[in-house]
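Open the model in your viewer and follow the stops below.

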Amino acid sequence: MYITYLKLKNFRNYSDQEFTFKNGLNILTGANAQGKTNAAEAIFFLCTGYSPRANRDKLVIKNGEETARIEGRAQSRYGEVSVAVNFYKNDNKEIFINGIKVLKIGELLGNIHSVFFNPSELKLVQESPEDRRRFLNISLSQKSKSYFYALQRYNKILSQRNNLLKEPNVSLIRETLPIWDEQLCKEAGKIIAQRNDFLKELAPIAEQKHSLLSSGKEILKMKTESGYFGSEQDIAYALKEDLKTAFEKDIKLGFTSIGPHRDDIKFTLNGDDVRVFGSQGQQRTVALSIKLAEAETFYNRFGEYPIMIMDDVLSELDKPRQRVLMKSVENVQSIFTTTHVDRTVVKSKDFCHIVIDNGRIKSVKN
Ligand SMILES: Nc1ncnc2c1ncn2[C@@H]1O[C@H](COP(=O)(O)OP(=O)(O)OP(=O)(O)O)[C@@H](O)[C@H]1O
Ligand SMILES: [Mg+2]
């Protein structure tokens, strides 16, 4: 899958700019604060409806403007798809797929696939469990609408359950909770089962990528810490039982102490916990291995690779790893952002070089 066209209208520091990309290597260069990451963010938004840097959508609207728009076209083995998102100052959005307005963000997901990588994603291993759950959620939501909708419902029920746990009347809680828990566990079963399947698929590929990146010296293993296995129904049943056991504790805490919202992934290198014992470089290499493996899981499911959006990651890796990364994305579409092209790393002459200057394209060389 590859993106062919992008148009940004009052998006971040762009007023009105069109981009065309090639299927292969694209490199956006420019000095700091010119708009390279902004362009990468826009592409990722078209894929997921999610911005890795804005916690409020309206922040992407160019200062002083009322609305913003991202428009993109991508080519997949099934044909062309066009996606557009309008942003409004009141935080509302409108989404159009092939010109037709859709009402749910879930409709945006899965039209254009991408793997997003930036310096903060490089910290996937050392940062909080929430970041690792976000990785699972974004990857799985792009692949499976049933996952995305189960997650939406789960979060809603969870927040209602947490409100109820704060209720002073304990007997009311005791009466009402089983109704919530039935629904909560049903959605949790779907989420955990799909996460388990994903990690089972991802782990051996990540191990292989990591072996390549560490010249065969390190064996990467990863596993979920949720402790729930089996079918959706098995997981739902086991969690329901555990929620009963955790009841008193949850009342004391005023929130739900177990479930997929508390999941984590554990990584080991040659048997040692990477978070505890790994060097920064090792932790980054693990994150890179996982991202490269993630791309393979898209291929396994859809028969084509996602767009690899690589925002400012080259500068964070050493030369050998930069070279492995370049080699790994040789046969897919990639969009790199970097301050300059290092010819000792980028060997190919065949790439689209877009120079960004103050929210505009200064030059394009194909
Ligand atoms: N809503 C907005 N309206 C106008 N300008 C914005 C908005 N949001 C961000 N910017 C501007 O965009 C610029 C940053 O762009 P971006 O992060 O894409 O830079 P970059 O080229 O990736 O730089 P670096 O090399 O440092 O990563 C900043 O100057 C910032 O002020
Ligand atoms: Mg940047």
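**Stop 1: the ligand shell**

Select ligand 1. Around ligand 1 are 18 residues, each with its C-beta atom, placed from the backbone, within 6 Å of the molecule. Asn13, Asn32, Lys36, Thr37 and Asn38 are the closest. This is a predicted model: local features need pLDDT of at least 70, side-chain atom pairs count only at pLDDT 80 or more, and totals for chains, interfaces and linings use all residues. Residues are numbered from 1 along each chain as its sequence is written, while chains are lettered from A and ligands numbered from 1 in the order in which they are written.

Now select helix H1, residues 36-48. H1 gives the largest share of this shell, 3 residues. Helices are DSSP runs of H or I, at least four residues; strands are runs of E, at least two; both are numbered from the N terminus.

**Stop 2: two domains**

Colour domain 1 (1-113 + 306-366) and domain 2 (127-304). The bounds come from an automatic or database domain assignment. Their C-alpha centres lie 28 Å apart. Across the boundary, 18 residues of domain 1 are in contact with 17 of domain 2 (C-beta atoms, placed from the backbone, within 7 Å). On the domain 1 side, H1 and helix H9 (319-328) each supply at least two residues.

**Stop 3: an open sheet**

Show S9, S10 and S11, the 3 strands of an open antiparallel sheet, in that order. Strands pair if DSSP finds at least two bridges between them. S9 (220-224) and S11 (272-273) are the edges: each has a single partner strand, so one side of each lacks a neighbour in the sheet. S10 (residues 265-269) pairs with S11 over 2 bridges. Finish at Leu269, which stands opposite Asp272 in S11.

Definitions and conventions:
Contact = placed C-beta atoms within 7 Å.
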